[in-house]
Amino acid sequence: MRTISVTASVAALAAALLLTSCDDAGDAENTQDKADTTAGAGCAADLAVRFGPANAAPAAGDTGNVPVTVTNRGDAPCTVEGLPGVELVAGDTTAAVPAAEAASGGKATFAKGASLAFTLTYVRGEEGAETSLAARTATVRLPGAEKTHSFKWAYGDIALKSDGSTPDASVTGFQQSTD
């Protein structure tokens with residue numbers, strides 16, 4: 001009779017479990033049978049967008065950050081190419097938020113059920129000043145998507161750059177989310 005040590009048995013069991021365990025994204029149906037789809041093919045419609053909660057700028061001249069989390073609710077991975085777009089709306093005025101200088105507009109792949117995020121950074125403006133935008137809505141457009149996502153802006157006026165029309169704000173590219 002051959003005997004096997006307890007340590008070897010536990011190691012073998014752990015290896016077997018490791019090899020057989022996976023989530024929905026790892027099953028055979030979703031790995032090689034389904035190729036990644038691209039936003040142009042409609043997968044952007046499967047991306048859910050959550051705005052905030054923010055690290056709000058408390059006073060004029062302070063900087064605040066609003067994370068925007070994007071989650072793939074579709075049945076397959078989704079790849080988008082480019083940067084997310086954000087516009088701030090104040091009554092009849094709409095102002096596009098420029099990309100951050102270091103923002104990369106490459107490809108971002110959202111695995112099934114996974115989340116990525118980008119950040120809107122802004123400088124708080126003086127309430128009611130001509131050098132501020134009294135935004136009430138932020139509109140997010142994902143690369144390749146036709147639909148926009150609108151959110152209430154509750155973080156005060158946004159300072160304007162020296163041209164008097166561009167928000168003193170920026171948007172990063174997609175990054176790993178902590179969600």
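**Disulfide, strand pairing and aromatic contacts in the predicted model**

A search of the whole structure finds one disulfide. The model is a predicted one, and the link in question joins Cys43 to Cys78, with an S to S distance of 2.0 Å. The link of Cys43 and Cys78 is right-handed, with 65° about the S-S bond. Cys43 lies in the loop between strand S1 (37-38) and strand S2 (47-51), whereas Cys78 belongs to strand S4 (residues 78-81), so the pair ties together parts that are 35 residues apart in sequence. Both ends of the link fall under the 20% limit for burial: Cys43 counts as buried at 5% relative accessibility, and Cys78 is buried with a relative accessible area of 0%.

The chain contains two helices and 14 strands. Of its 179 residues, 36% count as buried. Among contacts between residues at least 6 apart in sequence, 75% join residues at least 24 apart.

Strand S4, which holds Cys78, is joined to S7 by four bridges, and the two strands run antiparallel. Within this pairing, Val80 stands opposite Ala108 in S7. In a regular strand the side chains alternate between the two faces of the sheet. Strand S7 has a covered face, made up of Ala108 and Phe110, and an uncovered one, made up of Lys107 and Thr109.

The structure holds six aromatic pairs. The ring centres of Phe110 and Phe174 are 5.4 Å apart and the ring planes stand at 85°, so the pair is edge-to-face; the angle is over the 60 degrees required for that class. Phe110 lies in strand S7 (residues 107-110) and Phe174 in the loop between strand S13 (169-171) and strand S14 (175-176), so parts that are 64 residues apart in sequence are tied together by the pair. Phe110 and Phe174 are both buried. Elsewhere, ring pairs link Phe51, Tyr122, Phe151, Trp153 and Tyr155 into a cluster.

Strand S8 (residues 115-123) is largely enclosed by the rest of the structure, because eight of its nine residues are buried. With S13, S8 forms an antiparallel pairing over three bridges, in which Leu120 stands opposite Val171 of S13. With S14, S8 pairs in the antiparallel sense over two bridges, and here Leu116 stands opposite Gln176 of S14. The strands S13 and S14 that pair with S8 are those on either side of the loop that holds Phe174.

Ser115 is also found in strand S8. At 15% relative accessibility, Ser115 counts as buried, the limit being 20%. The side chain of Ser115 is joined to that of Thr71 by a polar contact of 2.6 Å.

Strand S10 (residues 137-141) and S11 run antiparallel and are joined by five bridges. In S11, Lys152 is the bridge partner of Thr137.

Most peptide bonds are trans. The bond from Gly52 to Pro53, by contrast, is cis, with omega near 0°. Pro53 is placed in the loop between S2 and S3.

How values were computed: Residues numbered from 1 in each chain as written. Predicted model: local features only at pLDDT ≥ 70, side-chain atom pairs only at ≥ 80, totals over all residues. Heavy atoms only, no water. Pairing = 2+ DSSP bridges. Phe/Tyr/Trp six-rings, centres within 6.5 Å; stacked < 30°, edge-to-face > 60°. Buried < 20%, exposed > 50% of the residue type's maximum accessible area, 1.4 Å probe, protein only. Disulfide = S-S within 2.5 Å. Polar contact = N/O pair within 3.5 Å; in protein donor to acceptor, adjacent residues only side chain to side chain. Contact = heavy atoms within 4.5 Å.
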